[in-house]
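Biologist: I have this model open and want to talk it through. Can we start with the sulfur links?
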Amino acid sequence: MRESRVSILSAVVTVLAFAGADAANGSFVAEPVTEAAPALAGFTGWSIEMGWCNHQGAQLLSADFDGDGRSDMLCHDTRNGDKWIAFARPGGRFVSTDWYRPMGWCRHPGSQLHTGDFNNDGRADLLCHDTRNGDKWIAFAFPNGTFGGTDWYQAMGWCNHASGRLSVADYNGDGRADLLCHDVSSGTKWFAYSTF
C-alpha cells in the first residue's frame, strides 16, 4: 500500500515538473488567443468611440426620454448634478450629446437617480431618492425629452433605512412607474403606486 502511494506521488511530481518545464518556478503560462470571439447568437453588434460619460462621478442611465420607442442615454454627474442626453437614432445608433443642462439636480450626499414614466405620457422621468431621509423629487420629461428641474417633491421618509433598496418599475400594469422598497436584511417589500 505504501509503495503504491509513493509510485503515484512520483508520477504526479514527474508530470508537474514536465508541465512546468517552460514556466519559471512552476507558474502558469497562458497561450495567446488568436481567434476572434464568437458572436452572440441572436444579437448584432455596433460600437462607437463617443468618449462620453466616462468622467469621474459619471452615472449612465438608459430610458426612453422623448417617447419615440427607443431607449436614450442620460449621463448624470453625481458631483454637480449636470445632465447630458444622447437620443437614440433609428436602428439604435448614437452620435453625441444632443442636450445638456447644468441642472445641479440630485447631487447631494445620499442621493440616487432613477428613471421611470411616472405620469404615463410615454416619456421616462427622473426621480431623485434621498437614502438618508427618504425624500423624493421628480422631474417630468418635456415633450422633446429634456428636463427643467423639480416638478414634484415630497418628504416621504420612505425607504431610507440602512437595508432598504429602492427600485422603480410599473408593478400594477397601469402604465405608470411605481416604487418598490426592498429590505435586503429581512426580505420585506413595500410598494408605493404612482397616481400621477
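Modeller: The link of cysteine 53 and cysteine 75 is right-handed, with 85 degrees about the S-S bond. Cysteine 53 sits in the loop between α1 (2-19) and β1, and cysteine 75 sits in strand β2 (residues 72-77), so the pair ties together parts that are 22 residues apart in sequence. Helices (H or I, at least four residues) and strands (E, at least two) are DSSP runs, numbered from the N terminus.

Biologist: What kind of model is this?

Modeller: This is a predicted model, in which local features need pLDDT of at least 70 and side-chain atom pairs count only at pLDDT 80 or more, while totals for chains, interfaces and linings use all residues. Residues are numbered from 1 along each chain as its sequence is written, and side-chain values use heavy atoms, with hydrogens and water left out.

Biologist: Back to the sulfurs. What is a disulfide?

Modeller: A disulfide is a covalent bond between the sulfur atoms of two cysteines. Here, a pair of cysteine sulfur atoms within 2.5 Å counts as one.

Biologist: And how many disulfides does a search of the whole structure find?

Modeller: Three. One of them joins cysteine 53 to cysteine 75, with 2.2 Å from S to S. Another joins cysteine 106 to cysteine 128, with 2.1 Å from S to S. Cysteine 106 is in the loop between β4 (99-101) and β5 (111-116) and cysteine 128 in strand β6, so to speak of the chain, they are distant parts, 22 residues apart.

Biologist: Where do cysteine 159 and cysteine 181 lie?

Modeller: Cysteine 159 and cysteine 181 form a disulfide, with their sulfur atoms 2.1 Å apart. Cysteine 159 is in the loop between β8 (152-154) and β9 (164-169), whereas cysteine 181 is in strand β10, so this pair ties together parts that are 22 residues apart in sequence.

Biologist: What pattern do the disulfides follow?

Modeller: Counting bonded cysteines along the chain, the pattern is 1-2, 3-4, 5-6.

Biologist: Is cysteine 75 buried or exposed?

Modeller: Cysteine 75 counts as buried, at 1% relative accessibility. Cysteine 53 also counts as buried, at 17%. Buried means under 20% relative accessible area, exposed over 50%, and partly exposed in between (1.4 Å probe, protein chains only). Both cysteine 106 and cysteine 128 are buried, and cysteine 159 and cysteine 181 are buried as well.

Biologist: Let's zoom out. How many helices and strands does the protein have?

Modeller: The protein has one helix and 11 strands. Of the 196 residues, 33% count as buried.

Biologist: Which residues have the most contacts inside the largest nonpolar core?

Modeller: Phe65, Leu74, Ile85, Trp105, Leu113, Leu126 and Phe147, in a core of 18 residues. The elements that give two or more residues to this core are β1 (58-63), β6 and β7 (136-139). A second, separate core of 10 residues includes Phe118, Ile138, Trp158 and Cys181. A nonpolar core is a set of buried Ala, Val, Leu, Ile, Met, Phe, Trp, Tyr and Cys residues joined through side-chain atoms within 4.5 Å.

Biologist: Last one. How many bridges join strand β10 to strand β11?

Modeller: Four bridges join β10 (residues 178-183) to β11 (residues 189-192), and the two run antiparallel. Two strands pair if DSSP finds at least two bridges between them. Leucine 180 stands opposite phenylalanine 191 in β11. The hairpin has five residues between the strands, and glycine 187 takes a positive phi near 85 degrees there.
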